[in-house]
Amino acid sequence: MTEKLLQMKNRINEALQQDKKLLSIYFTAGYPALHDTVKVIQNLEKSGVDMIEIGLPFSDPLADGPTIQDSSTVALKNGMTTKLLFEQLKDIRSSVEIPLIIMGYFNPMMQYGIEAFCAKCQEIGIDGLIIPDLPVAEYHEHYQETFEKYGLINVFLITPQTSDERIRFIDSVSNGFIYMVSSASTTGAKNTFGDVQQQYFDRIEALDLKNPQIVGFGISNHETFTQATQTAKGAIIGSAFIKHLTQNGVDTIDEFVKGIR
Amino acid sequence: MKYQVDEKGYYGDFGGAYIPEMLYPNVEELRTKYLEVMNEPSFKEEFKQLLKDYVGRPSPLYFAKRLSEKHNTKVYLKREDLNHTGAHKVNNTIGQILVAKKLGKNRIIAETGAGQHGVATATVCALMGIECIVYMGEIDIQRQAPNVARMKMLGATVVPATSGSKTLKDATNEAIRDWINNPVDTHYIIGSAIGPHPYPDMVTRFQSIISEEIKWQLKEKEGRENPDYVVACIGGGSNAAGTYYHFLDNPDVGIIAVEAAGKGIHSGESAATSQLGKEGIIHGCKTLLMQTDDGQITEPYSISAGLDYPGVGPIHSHLYRTGRGEFFSVTDDDAMTAGLELCQLEGIIPAIESSHALAIFNDKKFKPDDVVVISLSGRGDKDLETYINHFKL
């Protein structure tokens with residue numbers, strides 16, 4: 001393994017080792033405007049976000065609710081493509097230090113070519129991938145070697161319905177963090193978490209997994225962030241941030257982030 | 001070469017279950033139980049009984065004498081158009097509603113394009129007294145008002161899919177999202193041989209009644225079980241999969257698939273997936289699908305609402321890639337003409353989907369003693385307006 005590769009792996013793992021709860025923000029590349037991508041990333045880092053998920057828009061995002069799907073539709077209409085995203089991000093590491101993860105569906109990556117996609121991620125300084133429709137067994141059998149060759153951490157989702165046995169398998173295949181989907185749902189903002197979520201958070205904590213967990217789906221404000229991070233290492237906000245971008249544009253990101261912690 | 005699904009859910013290079021983790025428990029429950037449930041004697045009994053008494057099976061295998069004379073070969077029509085609800089779709093919905101009952105589900109969801117699968121699902125839900133929610137693209141709801149009314153009369157709730165292109169693929173996305181949000185009590189009745197494993201195999205098995213009947217019916221009529229060719233139209237490909245199923249491993253039976261070329265394969269308005277598609281992932285399975293170079297799924301076009309799906313069932317991608325199936329594509333105009341020909345030669349008004357299969361004679365010449373079985377997948381009542389507009393009737 002080259003030194004560069006080790007450094008790349010470390011950006012996510014270093015962040016996870018910090019003695020604080022991590023705030024990770026998702027946004028859709030090419031939204032609200034085509035060339036907002038870099039500015040959104042820079043403003044997020046400046047406002048104190050710990051990690052960023054860059055959404056690669058897809059025409060048929062099965063796991064997403066209406067807010068993120070609509071932002072993907074707009075981004076695609078704006079002209080966003082995989083190639084253009086890589087072009088926009090080519091100098092991102094000259095201005096941004098926090099971990100960057102690309103979150104997208106498998107089909108656009110397949111069409112780009114999985115190995116070429118991974119190589120490009122490494123070249124740019126992307127630290128990990130989240131691919132909701134790439135199942136863990138498929139990854140383990142066919143793609144893990146390639147992802148690891150390019151120093152990419154692949155992040156898997158678990159849900160309240162995922163069995164303990166399967167969670168342990170996912171834990172064994174993961175080498176960064178586990179994305180804990182808060183409830184049986186597509187993405188979308190919620191105001192509070194109920195007892196069912198709390199029991200789920202407690203169950204996962206009791207499993208004492210080797211990978212830390214970051215909670216996503218339904219995190220929208222200070223209350224849900226605080227509750228989710230009582231047991232988990234961090235939380236991811238997506239839809240609520242997209243709504244903020246839709247209403248306020250890219251210049252007031254700071255206000256949004258300050259309201260969460 | 002193997003044409004059935006393997007233990008991992010693949011047909012050669014195609015198939016699998018590319019689903020978000022949120023769907024894993026639902027799909028896994030089905031995967032581990034579907035064969036067991038389908039093989040239970042009580043299940044088989046009830047399925048068979050309903051197909052007979054409720055659907056009206058066996059559907060006739062009809063020797064089309066005048067059509068045969070016209071094309072100088074022996075043409076049999078498998079009359080799925082005579083089924084209750086007017087198409088092959090009900091074979092699958094009967095099967096799946098029984099599976100859902102066995103799994104203890106009390107809520108059914110489905111997607112529909114033109115509304116045929118939605119009607120077939122609403123029908124079996126009414127039959128069983130189970131709640132039914134059908135997702136349908138907002139644009140399709142406007143285009144297919146009579147089927148929307150049918151579903152409502154049958155007690156179903158029709159939910160418009162307002163995302164993306166507001167058509168079948170978006171209705172499918174919405175149905176999948178519903179399933180993600182309702183993982184415990186809900187069964188999703190997919191209408192074609194598509195989706196994550198085990199759906200393509202389960203749907204194919206329920207539709208395989210078509211070829212099962214062809215075998216014994218042909219034996220009665222021709223003294224042999226195997227035709228020289230079986231011909232079917234393909235959108236997602238459930239009627240085709242059922243028509244081919246019992247002939248897949250017999251190389252003496254030619255398998256012919258007819259896709260919708262729309263206004264021409266290279267017109268930009270087509271649904272000829274095997275010709276225009278590339279390998280990718282749609283609705284949870286790896287298959288051939290129409291997409292941009294960037295991997296965005298594109299909107300297909302056909303005059304037939306039942307054929308304009310951007311993908312094709314993984315079994316068909318496998319038949320195409322291995323060369324086991326011979327694939328043709330037929331334009332709107334040729335399909336409409338073939339449909340009208342059947343009306344006037346045989347007194348049967350076919351669904352426009354089936355008219356595509358009937359147009360095979362333009363592209364493929366058969367020998368006079370060839371026995372050619374064409375799946376007449378549905379009847380044309382639902383398409384009258386399109387026929388009226390096309391022929392200025």
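Two strands count as paired where DSSP finds at least two bridges between them. Strands (E, at least two residues) and helices (H or I, at least four) are DSSP runs numbered from the N terminus. The structure is a predicted model, in which local features need pLDDT of at least 70 and side-chain atom pairs count only at pLDDT 80 or more, while totals for chains, interfaces and linings use all residues. Residues are numbered from 1 along each chain as its sequence is written, and chains are lettered from A and ligands numbered from 1 in the order in which they are written.

**Sheet of chain A**

In chain A, an open sheet is built from nine strands with parallel pairing, and their order is E5-E4-E3-E2-E1-E9-E8-E7-E6. Its edges are strand E5 (153-155) and strand E6 (157-158) of chain A, each of which pairs on one side only. Within this order, E3(A) is followed on one side by E4(A); A:Ile101 stands opposite A:Gly128, a residue of E4(A).

**Sheet of chain B**

Chain B contains an open sheet of six strands with mixed pairing, ordered E3-E4-E14-E9-E10-E13. Strand E3 (61-63) and strand E13 (325-331) of chain B form the edges, and each pairs on one side only. From one strand to the next, the twist averages 25°, where angles run from 0 to 180 degrees between N-to-C directions and axes are lines fitted to C-alpha atoms, for helices over the stretch in contact.

**Strand pairs**

| Strand pair | Sense | Bridges |
|---|---|---|
| E10 (residues 254-262) and E13 of chain B | parallel | seven bridges |
| E11 and E12 (residues 285-289) of chain B | antiparallel | five bridges |
| E3 (residues 100-104) and E4 (residues 128-130) of chain A | parallel | three bridges |

E11(B) and E12(B) form a hairpin with two residues between the strands, and B:His283 takes a positive phi near 45° there. In the pairing of these strands, B:Glu279 has B:Leu288 of E12(B) as its bridge partner.

**Interface of the chains**

Contact between the chains (C-beta atoms, placed from the backbone, within 7 Å) involves 25 residues of chain B and 31 residues of chain A. On the side of chain B, the elements that give two or more residues are helix H8 (168-181) and strand E11 (278-282). H8(B) gives the most, with six residues. By class, this side of chain B has eleven nonpolar, nine polar and five charged residues. Here Ala, Val, Leu, Ile, Met, Phe, Trp, Tyr, Cys and Pro count as nonpolar, Asp, Glu, Lys and Arg as charged, and the others, Gly among them, as polar.

**Helix packing**

In chain B, helix H5 (residues 116-128) and helix H7 (residues 145-153) pack at an angle of about 10°, their axes 9 Å apart. H5(B) and H7(B) are therefore roughly parallel (under 35 degrees; over 145 counts as roughly antiparallel, 65 to 115 as roughly perpendicular and the rest as oblique). B:Gln116, B:Gly118, B:Val119 and B:Ala122 of H5(B) make the contact with B:Asn147, B:Arg150 and B:Met151 of H7(B). These residues divide into three nonpolar, three polar and one charged.

In chain A, the axes of helix H3 (residues 66-78) and helix H11 (residues 239-248) come within 9 Å and cross at roughly 50°, which makes H3(A) oblique to H11(A). Here A:Thr67, A:Ile68 and A:Ser71 of H3(A) meet A:Ser239, A:Ile242 and A:Lys243 of H11(A). This contact divides into two nonpolar, three polar and one charged residue.

A:Ile242, in helix H11 of chain A, counts as buried because it has 25 C-beta neighbours inside 10 Å. Apart from neighbours within four places in sequence, A:Ile242 is in contact with A:Phe27, A:Thr28, A:Thr67, A:Ile68 and A:Ser71. A:Ile242 and A:Pro32 lie 8.7 Å apart in space, C-alpha to C-alpha, and 210 residues apart in sequence.

Notes
Two residues are in contact if their C-beta atoms, placed from the backbone, lie within 7 Å. A residue is buried if 20 or more other C-beta atoms lie within 10 Å of its own, exposed if 12 or fewer, and partly exposed in between; C-beta atoms are placed from the backbone.
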